[in-house]
Amino acid sequence: MRIALFGGSFDPFHYGHIELIRGALNSGAADIVIVIPTVNNSFKRGRALLPAPYRYYMTKNALEKEFPENVFISDIEFGFEGITYTVNTLREIVKDSFIIPFLMRNGVPGDLAAQRHQFFWLCGSDILPTFDKWYMPEKILSYAVLLVAQRKGDYTDVREQGARLKSLFGCDIAVFEMNGVDQSSSAVKTSGNYDSLPPSVREFIDTHDIYNAVKALDHCSDEACAKYYQFAGSLYYLLGGKRLLHTLNVGLLSAKLAFDHGADCDKALIAGELHDCAKEINMDEQRRLAQAVSGDLFVDDKLLHSPAGAYLAKETFGIEDQEILDAITYHTTGRGGMTVLDKIVYLADKIEPSRTYTDLSEMRRLAPSDLDGAVRLCLDSVNDKFKRKGRAIHPLTVEFGRQLHKEL
Ligand SMILES: [Fe+2]
Ligand SMILES: [Fe+2]
């Protein structure tokens, strides 16, 4: 099969990407397109890009809506350490040991998946003038042919550029013509107007309020941001999409609230991000880790992930700071003597943008100016829910509530 690989940061994913994929398929240039969101991009590091899981799931949602077949997404770059170059991704993806099981997982019959494939690197013609400055261009071309989209109104001289690359590297390029929009991610982001994006992308951006929420990183140090990005990649393997995005949202909102209330934004960012890190490991393991942190203080299955999360935060993520570990340990129950950081993570967990379980508008309104007021509302609503369901309220929560209401 002719397999076109399409890498990009997709921040955000837009109609230009969709048209490029559609053009490659409709022109017959490719039978299948594999979309590969970058994780540690070599050109745009750190805060300039959304953390990889947001871009991955935003792209995945859009592809599922736009292309029911023949277009698959790969998370291969989550498995790479450090800065990722195109050549590294290609080297792995063209291996039989990767591509055959990958295609079969995506519904391609085994006999087709095991064929000898021809690989292409799908791109716009705008990359041609600078392609020879990429990291190891000749190696890239040994794995894949450049499959270049020439848009109407595009002034790059593809033939001349193709001849130039041939003289440099002795390779041919493949070209297909396409109509279609030429949207630019950076122009969309700069404008702050997301109306022109595909509906599924708009919905994703709105649900997580992500381009606003991510501004909280401006209040954090470079070191904390680097950790936040790195942990986001590790959490990808620990948590399913919805919960992963929830924990990342809690990290960002915690940092924002810490800024609002004069607390430590770096600690809030990391405590919030890691608060649910143990939630999807099996129950026996959660119980064992919880025991190690806090003995028999937490016995309810629903609470175990809090102390177990603190255990993982320390042992797996290398967090030594006791305030962060405590904020994780008590994010479900609260405790007497809650610190500002504890309250922030507790509250952010319940009101981050993707939460919709009850009317959160008043808590969200209060949160930036009246932390205790918002936490009180939040605790009362949680306690009401417990009572309705006949669940016992943990003694730590009782003490937390008693102190909170006494402070009125
Ligand atoms: Fe939790
Ligand atoms: Fe949570």
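Predicted model: local features only at pLDDT ≥ 70, side-chain atom pairs only at ≥ 80, totals over all residues.
The secondary structure of the chain amounts to 20 helices and 6 strands. Along the principal axes, the C-alpha atoms fill a box of roughly 75 × 45 × 35 Å. A compact globule of 408 residues would have a radius of gyration near 22 Å, and the value of 24 Å for the chain agrees with this. Buried residues make up 43% of the 408 residues. Among contacts with a separation of 6 or more, 72% are between residues 24 or more positions apart.

The domain assignment divides the chain into domain 1 (2–190) and domain 2 (209–406). The C-alpha centres of these two domains are 37 Å apart. Where they meet, 11 residues of domain 1 are in contact with 15 residues of domain 2. On the side of domain 1 that touches domain 2, helix H2 (residues 52–66) gives the most, with 4 residues. By class, this side of domain 1 consists of 8 nonpolar, 1 polar and 2 charged residues.

The largest nonpolar core holds 118 residues, and the members that touch the most others are Ala4, Leu5, Val33, Leu122 and Ala268. Helix H12 (residues 241–260) gives the most to this core, with 9 residues. Because domain 1 (2–190) and domain 2 (209–406) both give residues to the core, it lies between them. The surroundings of Val33 can be listed in detail. Apart from its neighbours within four places in sequence, Val33 is in contact with Ala4, Phe6, Ile21, Ala24, Leu25, Asn70, Val71 and Leu122. Two of these contacts, Ala4 and Leu122, are also named with Val33 among the core residues that touch the most other members.

Strand pairing was examined next. Strand S1 (residues 2–8) pairs with strand S4 (residues 118–124) in the parallel sense, over 4 bridges. In this pairing, Arg2 has Gln118 in S4 as its bridge partner. S4 also pairs with strand S5 (residues 145–151), again in the parallel sense, over 5 bridges. Here Phe120 stands opposite Val145 in S5, and Leu122 stands opposite Leu147 in S5. Of the 7 residues of S5, 5 are buried, so the strand is largely enclosed by the rest of the structure. In a regular strand, side chains alternate between the two faces of the sheet.

Several backbone features were also identified. Most residues other than glycine have a negative phi, and most peptide bonds are trans. Against this background, the peptide bond from Asp11 to Pro12 is cis, with omega near 5 degrees. Pro12 is found in the loop between S1 and helix H1 (15–26).

Asn70 is not a glycine, yet it has a positive phi of about 70 degrees. This residue is placed in the loop between H2 and strand S3 (71–73). Asn70 counts as partly exposed because it has 16 C-beta neighbours inside 10 Å, a number that falls between the limits of 12 or fewer for exposed and 20 or more for buried.

The place of Asp209 is the loop between helix H9 (199–208) and helix H10 (210–213). With 15 C-beta neighbours inside 10 Å, Asp209 is therefore counted as partly exposed.

Arg364 lies in helix H18 (residues 361–366). The count for Arg364 is 16 C-beta neighbours inside 10 Å, so this residue is partly exposed. Arg364 and Ser294 are 70 residues apart along the chain, and their C-alpha atoms are separated by 32 Å.

Technical notes: Residues numbered from 1 in each chain as written. Chains lettered and ligands numbered in written order. Domains from an automatic or database assignment. Contact = placed C-beta atoms within 7 Å. Helix = DSSP H or I, 4+ residues; strand = E, 2+ residues; numbered from the N terminus. Nonpolar A, V, L, I, M, F, W, Y, C, P; charged D, E, K, R; others polar. Rg over C-alpha atoms; globule rule 2.2 N^0.38 Å. Core = buried A, V, L, I, M, F, W, Y, C linked by C-beta atoms within 7 Å. Pairing = 2+ DSSP bridges.
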